[in-house]
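Dear colleague,

Here is the structure that I promised to hand over to you, with its sequence. Please look at it for a while on your own before you read on.

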Amino acid sequence: MSSAAWTAWEGADPVRPPAGPLLSVRDLQVRFVTRDRTVHAVNGVSFDLDAGQTLGLVGESGSGKSVTSLALLGLLPRRTAQIPAGEVRFADEDLLHAPESRLRQVRGNDVAMVFQDPMTSLNPVLTVGRQLTETLRTHLAMDKQQARDAAADLLDRVGIPDPRRRLREYPHQFSGGMRQRVMIAMAIACRPRVLIADEPTTALDVTIQAQILELLRGLVETERMGLLLITHDLGVVAGVCERTAVMYAGRIVETGPTADLFARPRHPYTLGLLRSVPRLDAGSDLPLAPIPGSPRDLTDAPSACAFAPRCAYATDESRERLPVLTPVDGDRDHLVACWNPVSDAQRVSSA
């Protein structure tokens with residue numbers, strides 16, 4: 001790296017992380033209120049994210065993953081979105097009740113986000129250089145030349161060849177993988193302490209996907225940032241995340257160390273997700289095992305297990321009472337919200 005701006009960036013001592021988690025979310029609730037109905041999109045989500053840790057947030061479309069991430073940074077539409085309860089603390093600062101002026105300082109500087117679709121997240125009428133230098137000049141007070149030098153070095157760092165020339169080009173002149181790399185460059189420009197990546201490998205081929213994931217993994221290791229990885233791809237989670245939280249109908253239904261959760265899933269929904277993944281090692285003629293039924297209607301407030309209508313293990317209690325996260329076999333590191341968790345014998349027999 002040659003520029004003085006980037007050298008200063010690299011040489012600066014990162015802010016020491018506070019004692020405890022970098023990001024702490026407690027009982028987060030999000031509602032979307034329209035004229036004729038209310039959608040209960042997130043219903044009491046809680047998790048912690050530590051420095052140097054990667055947490056995977058998985059679940060099918062509509063489970064509340066992206067809404068959760070947008071709520072953390074105050075990016076939900078104010079006309080329809082409401083957050084009636086919950087707490088989001090970043091480095092012991094309450095983000096949910098912070099003024100908009102403070103949130104603008106936090107976004108990109110302390111907590112950054114890689115949005116879901118790189119094809120539409122970049123402004124098509126501005127050059128990549130203009131969009132990247134804006135972040136550097138806004139948060140780091142660089143002059144125009146310093147920002148341009150640092151932007152070129154950022155593109156080089158995320159693996160884009162001939163970066164100074166590419167700064168003058170527009171998003172449509174980049175491939176999907178290159179645009180995703182630009183989004184990551186923008187997100188890490190200010191050395192954030194927390195990076196939220198929402199489906200960062202969607203619509204990318206497997207080669208580019210592997211490169212993007214390796215890049216994210218390297219950033220977590222070298223910068224000691226916390227990474228919240230939102231995805232529906234269980235293979236991505238298995239290869240990148242130390243911990244995994246499984247969401248269904250706006251709630252976390254199981255969470256724990258990724259290796260343990262994949263080897264011993266206790267919630268029927270987690271088991272269903274794992275069984276619906278094609279397995280090449282078990283023979284090409286092995287049929288998939290889809291989860292029956294349809295996702296829950298989120299216009300009804302949760303009062304019982306949302307997965308019960310689709311669950312082969314449901315009991316009367318599942319249909320009447322809302323389960324909460326409890327330790328699995330006394331293991332406080334592996335939690336499940338289920339009145340009738342899947343046993344080891346049931347899991348083996350259903351494989």
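Predicted model: local features only at pLDDT ≥ 70, side-chain atom pairs only at ≥ 80, totals over all residues.

The secondary structure of the protein chain comes to 14 helices and twelve strands, and its C-alpha atoms fill a box of roughly 65 × 50 × 40 Å along the principal axes. For 351 residues, a compact globule would have a radius of gyration near 20 Å, and the protein chain has 21 Å, so the two agree. Of those 351 residues, 49% count as buried, that is, they have under 20% relative accessible area. If you look at the contacts in the chain with a separation of 6 or more, you will find that 66% of them are accounted for by residues 24 or more positions apart. The accessible surface comes to about 16700 Å², and carbon and sulfur atoms hold 51% of it. As for charge, the chain has 39 positive and 42 negative charges, whose mean positions are 4 Å apart.

Which strands does E9 pair with? One is E3 (residues 54-58), which runs parallel to E9 and is joined to it by four bridges; here Leu55 has Arg243 as its bridge partner. Another is E10 (residues 251-257), which runs antiparallel to E9 and is joined to it by six bridges, with Met247 standing opposite Ile252. E9 and E10 also form a hairpin with two residues between them, and in the turn Ala249 has a positive phi of about 50°.

Finally, please turn to helix H2, residues 65-72, which is mostly covered, since six of its eight residues are buried. These buried residues are Lys65, Val67, Thr68, Ser69, Ala71 and Leu72. Just after H2 comes Gly74, which takes a positive phi of about 65°.

With best wishes,
Your colleague

Key: Residues numbered from 1 in each chain as written. Heavy atoms only, no water. Rg over C-alpha atoms; globule rule 2.2 N^0.38 Å. Buried < 20%, exposed > 50% of the residue type's maximum accessible area, 1.4 Å probe, protein only. Contact = heavy atoms within 4.5 Å. Areas by Shrake-Rupley, 256 points an atom, 1.4 Å probe, with all protein chains shown as cover. Lys, Arg positive; Asp, Glu negative; His and termini not counted. Charge placed at Lys NZ, Arg CZ, Asp CG, Glu CD. Pairing = 2+ DSSP bridges.
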